[in-house]
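Here is a briefing on one protein chain. Start with the structure, then read the points by topic.

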Amino acid sequence: MEATGGLPDVATIDWKAPFRWLGGGWRDLWKAPGPCLTYGLILALISMALSYALIASDAEFWALALTCGFVFVAPMLAMGLYEAGRQLELGQKPTLGEMLIVRGAFRQDIAYLGLFLLLIYLFWGRIAQIVYGLSTYHLHRTVEDFVTFALDTSDGHTMLMTGTVAGGAIAFLTYCAVVVAAPMLLNEKTGVFAAIATSVRAVADNFGPMVLWAVIVGTLTLATAATGFLALTVVFPWLGLASWRAYRELVPGPLSA
């Protein structure tokens with residue numbers, strides 16, 4: 001069923017919906033634990049290696065900036081998990097090979113979405129660099145020095161507040177554009193502009209619950225940094241499968257096998 005302008009209808013959800021998605025995603029994770037946890041482990045190892053390389057190169061600030069900016073590229077990295085969620089919904093068993101190489105993801109519209117997110121990510125990184133540069137004339141070469149500056153000085157407090165407001169605004173606008181668009185593009189009949197428009201409508205029509213979902217996803221994702229990203233092994237596939245359920249409840253319709 002389609003709404004005005006050829007876009008699919010968007011369902012109205014309640015405040016309990018984000019918790020239903022989490023519960024459903026958790027159950028889905030244990031229906032195919034092998035490929036899903038391996039998928040998460042691969043991402044966790046890459047994240048750990050990248051962070052270690054940055055810290056070893058005295059680039060702690062960039063390690064922190066890239067950690068916070070991870071939420072911008074996560075929707076594209078989760079394409080294999082959306083495919084797993086789709087197959088589980090159809091009663092099929094996903095394999096790791098099918099998750100790593102998603103056939104439906106090799107098309108122009110998904111490439112356009114990926115390019116959009118990459119540009120936003122780079123823009124966010126530049127904003128973070130500018131905020132840091134305007135906050136101090138010192139280069140903090142260790143994690144301890146940077147944390148001390150951020151938490152114990154007025155300039156550091158200003159940097160944190162400015163960076164949080166600017167980064168939060170960019171992150172939320174990006175979230176509005178992709179929260180439904182990324183999994184929706186597994187449908188080969190959907191174009192990138194229709195997917196983004198539907199995603200924005202889904203957030204606008206369910207603003208409160210979708211803000212709650214954004215907080216849950218952002219908090220769980222960033223909290224994995226406290227474990228050196230090892231927790232991504234479980235958290236990332238869990239959230240990816242839950243995000244597929246979110247899309248299916250927000251934009252209900254038949255699935256193709």
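**Helix α4 and the overall picture**

The buried residues of α4 are Met-79, Gly-80, Leu-81, Tyr-82, Glu-83, Ala-84, Gly-85, Arg-86, Gln-87 and Leu-88. Buried means under 20% relative accessible area, exposed over 50%, and partly exposed in between (1.4 Å probe, protein chains only). This is a predicted model, in which local features need pLDDT of at least 70, side-chain atom pairs count only at pLDDT 80 or more, and totals for chains, interfaces and linings use all residues. Residues are numbered from 1 along each chain as its sequence is written, and side-chain values use heavy atoms, with hydrogens and water left out.

**Fold**

- The protein chain has twelve helices and zero strands. Helices (H or I, at least four residues) and strands (E, at least two) are DSSP runs, numbered from the N terminus.
- Helix α4 spans residues 79–89, and ten of its eleven residues are buried.
- Of the 257 residues in the protein chain, 46% are buried.
- Take contacts (heavy atoms within 4.5 Å) between residues at least 6 apart in sequence: 75% of them join residues at least 24 apart.

**Cores**

- The largest nonpolar core holds 64 residues. A nonpolar core is a set of buried Ala, Val, Leu, Ile, Met, Phe, Trp, Tyr and Cys residues joined through side-chain atoms within 4.5 Å.
- Trp-21, Val-180, Met-210, Trp-213, Phe-236 and Leu-250 have the most contacts inside this largest core.
- Helix α12 (residues 232–250) gives the most to this core, with eleven residues.
- Val-180 touches Thr-198, Ser-199, Ala-202, Tyr-247, Leu-250 and Val-251, leaving out residues up to four places away in sequence.
- Another core, of six residues, lies apart from the largest one; Val-131, Phe-149, Ala-150 and Met-159 are among them.

- Phe-72 lies in helix α3 (residues 60–77). It counts as buried because its relative accessibility is 2%.
- Beyond neighbours within four places in sequence, Phe-72 is in contact with Leu-117, Ile-120, Tyr-121, Trp-124, Gly-167, Ile-170, Ala-171 and Thr-174.
- Phe-72 and Trp-124 are 52 residues apart along the chain, and their C-alpha atoms are separated by 9.0 Å.
- Thr-162 sits in helix α8 (residues 154–178). It counts as partly exposed because its relative accessibility is 36%.
- Thr-162 and Ser-135 are 27 residues apart in sequence and 9.7 Å apart in space, C-alpha to C-alpha.

**Surface**

- The protein chain exposes about 13,000 Å², and carbon and sulfur atoms supply 69% of it. Accessible areas come from the Shrake-Rupley method with a 1.4 Å probe; for residues, only the protein chains shown count as cover.
- Ile-42, Ile-46, Leu-100, Ile-101 and Phe-106 make a nonpolar surface patch of about 530 Å².
- Phe-106 is in the loop between α5 (96–100) and α6 (108–135). It is exposed, with a relative accessible area of 65%.
- Patches are made of residues with over 30% relative accessible area and no salt bridge; like charges are joined within 9 Å, and nonpolar side chains (Val, Leu, Ile, Met, Phe, Trp, Tyr) within 5 Å. A salt bridge is a side-chain nitrogen of Lys or Arg within 4 Å of a carboxyl oxygen of Asp or Glu.

**Confidence**

- Mean pLDDT (the predictor's confidence in each residue, from 0 to 100) is 87 for the protein chain, and 88% of its residues reach 70 or more.
- Confidence is lowest in α3, at a mean of 74, and highest in helix α1 (residues 17–29), at 98.
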